[in-house]
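Here is a short briefing on one protein chain. Have a look at the fold before you read on.

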Amino acid sequence: MKTIILDDFLSQGILIEKKFRKKVDDISWEEYKGDNVLIKGCSQATIPTWAYLIITAKLVEHAKNIYYGDIKSAVKIHKK
C-alpha cells in the first residue's frame with residue numbers, strides 16, 4: 001500500500017493553500033495507478049477538510065482503493 005503523508009505538503013509547519021495546490025499539481029498521479037493508497041490522517045498541523053478532498057479527487061482517477069487514517073485502522077473511502 002502506498003501512503004500519502006500530508007505533513008509533506010506543509011510549509012513552515014502549516015498548510016498554505018497556494019503552495020499546497022502547487023505541490024498537488026506537481027505530483028505524477030500515474031504512479032498510483034492500480035494501487036491501494038492510504039491518506040495518512042495524523043499530521044503535525046491541523047489539516048483542513050478541503051485538502052483531503054483535493055488529494056482524494058486526484059487519486060480517484062488512478063488508485064484502485066483509497067483509505068484514510070493509519071495503517072492499523074484504515075477506513076476505505078473509495079473503491080474502483
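Contact here means that heavy atoms lie within 4.5 Å. Keep in mind that this is a predicted model. The briefing starts with helix H2 and what covers its buried residues.

**Helix H2**
- H2 runs over residues 49-60 and has 12 residues.
- From first C-alpha to last, H2 reaches 17 Å, close to the 16 Å expected at 1.5 Å a residue.
- Which residues of H2 are buried? They are Ala51, Tyr52, Ile54, Ile55, Thr56 and Leu59.
- An α-helix has 3.6 residues a turn, so residues three or four places apart point the same way.

**What covers H2**
- Strands are part of the cover over the buried residues of H2, including S1 (2-5), S2 (36-40), S3 (65-69) and S4 (75-79).
- Helix H1 (17-26) is also part of that cover.

**Strands S1 and S2**
- S1 and S2 pair in the parallel sense, over 4 bridges.
- The chain gets from S1 to S2 by way of H1, and this β-α-β crossover is right-handed.
- Isoleucine 5 stands opposite lysine 40 of S2.

**The nonpolar core**
- The largest nonpolar core has 20 residues.
- Ile4, Phe9, Phe20, Ile55 and Leu59 touch the most other members.
- H1, S2 and H2 are the elements that give two or more residues to this core.
- Which element gives the most? H2 does, with 5 residues.
- Leaving aside neighbours within four places in sequence, leucine 59 is in contact with Ile4, Trp29, Tyr32, Val37, Ile39 and Ile66.

Methods:
Residues are numbered from 1 along each chain as its sequence is written. This is a predicted model: local features need pLDDT of at least 70, side-chain atom pairs count only at pLDDT 80 or more; totals for chains, interfaces and linings use all residues. Side-chain values use heavy atoms; hydrogens and water are left out. The expected span of a helix is 1.5 Å times one less than its number of residues. Buried means under 20% relative accessible area, exposed over 50%, partly exposed in between (1.4 Å probe, protein chains only). Two strands pair if DSSP finds at least two bridges between them. A crossover is right-handed if, with the strands pointing away from the viewer, the path from the first strand over the helix to the second runs clockwise. A nonpolar core is a set of buried Ala, Val, Leu, Ile, Met, Phe, Trp, Tyr and Cys residues joined through side-chain atoms within 4.5 Å.
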